Amino acid sequence: MSSSARRQLHHAPLIDAAAGRTPTRTPVWFMRQAGRSLPEYRRVREGIGMLDSCFMPELLAEITLQPVRRHNVDAAILFSDIVVPLKAAGVAVDIVPGRGPVMESPVRTGADVAALPRLESPVPGLSEGIAGILAELREDQALIGFAGAPFTLASYLIEGGPSKAHQRTKALMHTEPETWHALMESLVHTVVAFLRQQIEAGIDMLQLFDSWAGYLSAREYREYVLPYSRRIFSEVADAGIPRIHFGVTTGELLGDMALAGPDVVGVDWRVPLDTAARRIAHAAEPKALQGNLDPAMLFAGPGVLREEIRRIKAEARRAVERGHARGHIFNLGHGVLPDTPAEAITEAVALIHEED
């Protein structure tokens, strides 16, 4: 799969780190950097629903670019949501403020799965929005596309919305495995279609978010989830762009997530990077690491922030020196918290870019 829109980035620190080359500086981007914490984001989205804004190309591009302009990060992360491909396919879903994605009709039976629409047409506004982003990015700044992994999407569909225990999801997985596997097959189709559109529009990297995978045991993950995440990474491998895999509270699953086939594994703040790299290298070939500053540290002031950044960079260096990792992309261990001072993010980026 190739893209005529693909840029040739020869000096982008993020691409170099993902490929195991030595970047000119430690690359950094932050999950959820596009929006939430920025006053300019709140202004442009005033009166516009979250999902609606994801289908408006000019607004999508503007929101994606705002943190790049303000913070000088090394990558833009596409402004979208993991339920966008479901919405585009025809699933009745909305994002409720203060709660998150909510389904009009949960998917809990074989008949529900059979009736679940798949993404068969391009997502409106997406390709045009990506073109607008690429037109403004510098040659050393990458555009990261993304999608939600099938397990996380399945959980939203089954639970009907966010869940603290994912009890209905796990019950269906264990009691009706045929229904579960049919649902995952359907979601693989939709996720791959969503990613392929982004690739053809010219993204430079992609990330597969499995936000809720940390609620699974290693055995459950290997049997019910890993085969489908591996399929997605395999089906987009011919694009030749770096692929990142990330989940929250997945410290016990890092080796298995690496086996899904990404080039980069994201690590949340609960596991030191050198420990994470050792777990990954024990199960799979070494990967580049992404992470893993605790988002709360952006509230702790410049002294604490500097020390935390130094510690994380030192852990990443040790992992590379020991042959357990191929490179390091600095990030948070999860997303930017909504009330994070924008100035603290800018300061963190400057500290990360400083020479060690």
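**A helix contact and its surroundings**

Author: In helix 7, the residues L126, S127, I130 and L134 make contact (heavy atoms within 4.5 Å) with F194, Q197, Q198 and A201 of helix 10. Helices (H or I, at least four residues) and strands (E, at least two) are DSSP runs numbered from the N terminus. The model is predicted, so local features need pLDDT of at least 70 and side-chain atom pairs pLDDT 80 or more, while totals for chains, interfaces and linings use all residues. Residues are numbered from 1 along each chain as its sequence is written, and side-chain values use heavy atoms, without hydrogens or water.

Helix 7 covers residues 126-136 and helix 10 covers residues 177-201; they pack at an angle of about 40°, and their axes (lines fitted to C-alpha atoms, for helices over the stretch in contact, with angles of 0 to 180 degrees between N-to-C directions) lie 9 Å apart.

Seven strands form an open sheet with parallel pairing, in the order 1-4-5-6-7-8-9; strands pair if DSSP finds at least two bridges between them. Strand 1 (75-77) and strand 9 are the edge strands, each pairing on one side only. On average, and with direction ignored, neighbouring strands of this sheet are turned by 25° against each other.

Within the sheet, strand 6 (residues 243-246) runs parallel to strand 7 and is joined to strand 7 by two bridges. I244 has V264, in strand 7, as its bridge partner. Helix 11 (residues 218-235) packs on the sheet and touches strand 5 (205-209) and strand 6; the direction of helix 11 makes about 160° with that of strand 6.

Strand 8 (residues 287-293) pairs with strand 9 in the parallel sense over six bridges, and G291 stands opposite F330 in strand 9. Strand 9 spans residues 325-332, and seven of its eight residues are buried (under 20% relative accessible area; exposed is over 50%, partly exposed in between; 1.4 Å probe, protein chains only), so strand 9 is largely enclosed by the rest of the structure. Helix 14 lies across strand 8 and strand 9, and runs at about 160° to strand 9.

Helix 13 (residues 273-283) has L273, D274, T275, A276, A277 and I280 as buried residues. The elements that cover these buried residues include helix 12 (254-259), strand 7 (264-266), strand 8, helix 14 (302-321) and strand 9.

R21 is found in the loop between helix 1 (13-18) and helix 2 (39-44). With 44% relative accessibility, R21 counts as partly exposed. When residues up to four places away in sequence are not counted, R21 touches I15 and D16. R21 and A260 are 239 residues apart along the chain, and their C-alpha atoms are separated by 22 Å. E40, by contrast, is found in helix 2. At 14% relative accessibility, E40 counts as buried. Again leaving out residues up to four places away in sequence, E40 touches Q66 and R70.
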